[in-house]
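Thanks for coming, everyone. Please bring up the model on your screens, and I will walk you through a few parts.

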Amino acid sequence: VIIVGCDKTIPAGAMVAVPGDDGATFYNPAGLGSLHRTRLNANGSVFGVRVRPVRGGLVSSFAGQRSAIDFGGADFVTTPTTASASFSLLPHVTVSGGAYHTANDVRAASGIERVEGPDGRSLAHRLDTLDALRKMHVGGAYGIDLGRGLRIGSAMFLVYSARNAAVDYAVGVDEGGAGRREVVALGVTQGGAAWGLQPTYGFQWDVTRRLHVGVVFRFPELQLTSSVRTALREIGSGSGEPTLVLEEVRTRASRIRYADPARLFWGVAYDVSEKARVAFDADVAFPLEADTWGVAHRAMVRARAGVLLKPLDALHVGFGAFVDPSSARTLPETLGAIRVDYVGGTFGVVLRTRIGEGTSPDAPVVTPATALRYAVGFGEARTVTLSDAGETPGTTDVRVHDVMPYVGSSIAF
């Protein structure tokens, strides 16, 4: 689940039907129609911890020796960062624009293993992997209040995504008394970037003073241009001198194609009282044969639910829960690739402070917020067995833990 905005994290991102929120630009642009004050929003990027070990990820079987490398561990990733502003142009029309750093995931792992055989021969190998993904949405939106509790809106985002991955592997066999050693080092690096457009249309309806519903259709991202660079290298050292073989392949695509699945969102928000609100969202992702990075996506449903309590006008607290299954149709063949289904929860606090003298409802309001998101994921990871017969892919079960703190603030004039 991509949760953009610190205070939106508190109800686990269940914001599709919530009116009067400055996160409407990303969640449901129709919600902008209920904003009648200028708002500025910023969320600082703080680190989170993601723990994802892969047991027996790489198995080697050479010269009668067999060993397995466990790799993975704790990675430090940054939370989505946002900066946005909304302005009321007319009594019933509000526009907004912003930049949303929706992904910044770095996965680095390494492992080393050495096995001694009874005949004096030994096998040692080392694996280092790196996978970094960044994604940003930059764009604008508008919302219109049609009256009678009806609102419509749309948004258009320019999407930039970049990915860099590297795998380095070295294996050495020592024949012991024979005095013969063989070392082979392999490396693969791949980097790419893509630009695309993603339109969104939204609708909100205040069924009653307390009951609100919302629907959003997020079109598939249209990839306008992309480039991918792949480099392969091999270093061998045996009876002769070390040799280096370097092969580089470049591929570029400029044709328009779908790069991210279309999604249909729907949500319900209910004001239990003036001091409590509950909200529920769900969305379905449509199938996609291949995204920018060649991953096929299946149809799947995600869900979020949250509660926001307002014990004081200056203090809001809340919590939420979400279910986020993986949309990947199959597990990629890349060593260490992970396909995980997440479940998790959120908790946070929002403080509201009016600026200036008096308690006028029109006084500027500053709302700093802090929140925490925790998720546990269950799934599988790609493993590889190397032997004299070649390379054999496999899978292993994995459990992933995410702990992600958020901080941010907004101001309404």
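One term before we start: a salt bridge here is a side-chain nitrogen of Lys or Arg within 4 Å of a carboxyl oxygen of Asp or Glu. Keep in mind that this is a predicted model.

By this rule, the count comes to twelve salt bridges. Let's take a few of them.

Start at Asp283. Asp283 forms a salt bridge with Arg263, and their closest N and O atoms are 3.6 Å apart. This pair links distant parts of the chain: Asp283 sits in strand β16 and Arg263 in strand β15, 20 residues apart. Is Asp283 buried or exposed? Buried means under 20% relative accessible area. Asp283 is at 0%, so Asp283 counts as buried. Arg263 is at 11%, so Arg263 counts as buried too.

Asp283 has another partner. The side chains of Asp283 and Arg302 meet in a salt bridge, at 3.3 Å from N to O. Again, distant parts of the chain are linked: Asp283 is in strand β16, Arg302 is in strand β17, and 19 residues separate them. Arg302 has a relative accessible area of 10%, so Arg302 is buried.

Now move to Asp341. Which residue does Asp341 bridge to? The partner is Arg298, with the closest N and O atoms 3.9 Å apart. Asp341 lies in strand β19, residues 338–351, while Arg298 lies in the loop between β16 and β17, so the pair ties together parts that are 43 residues apart in sequence. Asp341, at 35% relative accessibility, counts as partly exposed. Arg298, at 31%, also counts as partly exposed.

Some bridges share partners. They join Arg263, Asp283, Arg302, Arg304 and Asp324 into one network.

Next, strand pairing. Find strand β18, residues 315–324. Ten bridges join β18 to β19, and the two strands run antiparallel. For a landmark, look at Val323: Val343 in β19 stands opposite. Then follow β19 to β21. How many bridges pair β19 with β21? There are 13, in the antiparallel sense. Thr346 stands opposite Arg373 in β21.

On to the nonpolar cores. The largest core has 21 residues. Leu58, Phe71, Leu127, Tyr169 and Leu335 have the most contacts inside this core. Where do its residues come from? At least two each are supplied by β3 (54–62), β4 (65–71), β8 (122–147), β9 (150–174), β19, β21 and β22. β21 gives the most, with four residues. Apart from this core lies another, of 16 residues, and Ala14, Met15, Val18 and Tyr100 are among them.

Now for open space. A probe the size of a water molecule, rolled over the atoms, shows where empty space is left. I'll show you the second largest pocket. Its volume is about 1200 Å³. There are 43 residues in the lining, and the closest to the centre are Gly20, Arg277, Lys310, His316 and Arg352. The elements that give two or more residues to this lining are α1 (6–9), β15 (263–273), β16 (276–285), β17 (300–312), β21 (365–387) and β22 (390–412). Which element gives the most? That is β17, with five residues. By residue type, the lining divides into 19 nonpolar, eight polar and 16 charged.

Last stop: two backbone angles. Ala12 has a phi near 65°, a positive value in a residue other than glycine. Look for Ala12 in the loop between α1 and α2 (24–27). Ala12 is buried, because its relative accessible area is 0%.

Arg148 has a positive phi as well, about 55°, although Arg148 is not a glycine. Where is Arg148? In the loop between β8 and β9. Is Arg148 buried or exposed? Exposed means over 50% relative accessible area. Arg148 has 82%, so Arg148 is exposed.

To recap, Asp283 bridges to Arg263 and to Arg302. β17, which holds Arg302, gives the most residues to the lining of the second largest pocket.

Definitions and conventions
Residues numbered from 1 in each chain as written. Predicted model: local features only at pLDDT ≥ 70, side-chain atom pairs only at ≥ 80, totals over all residues. Heavy atoms only, no water. 1 Å grid on protein atoms, 1.4 Å probe; cavity = no way out; pocket = protein on both sides within 12 Å on 5 of 7 lines; lining within 4 Å. Points joined across faces, edges and corners; volume = space filled by probe spheres on them. Nonpolar A, V, L, I, M, F, W, Y, C, P; charged D, E, K, R; others polar. Buried < 20%, exposed > 50% of the residue type's maximum accessible area, 1.4 Å probe, protein only. Pairing = 2+ DSSP bridges. Core = buried A, V, L, I, M, F, W, Y, C linked by side-chain atoms within 4.5 Å.
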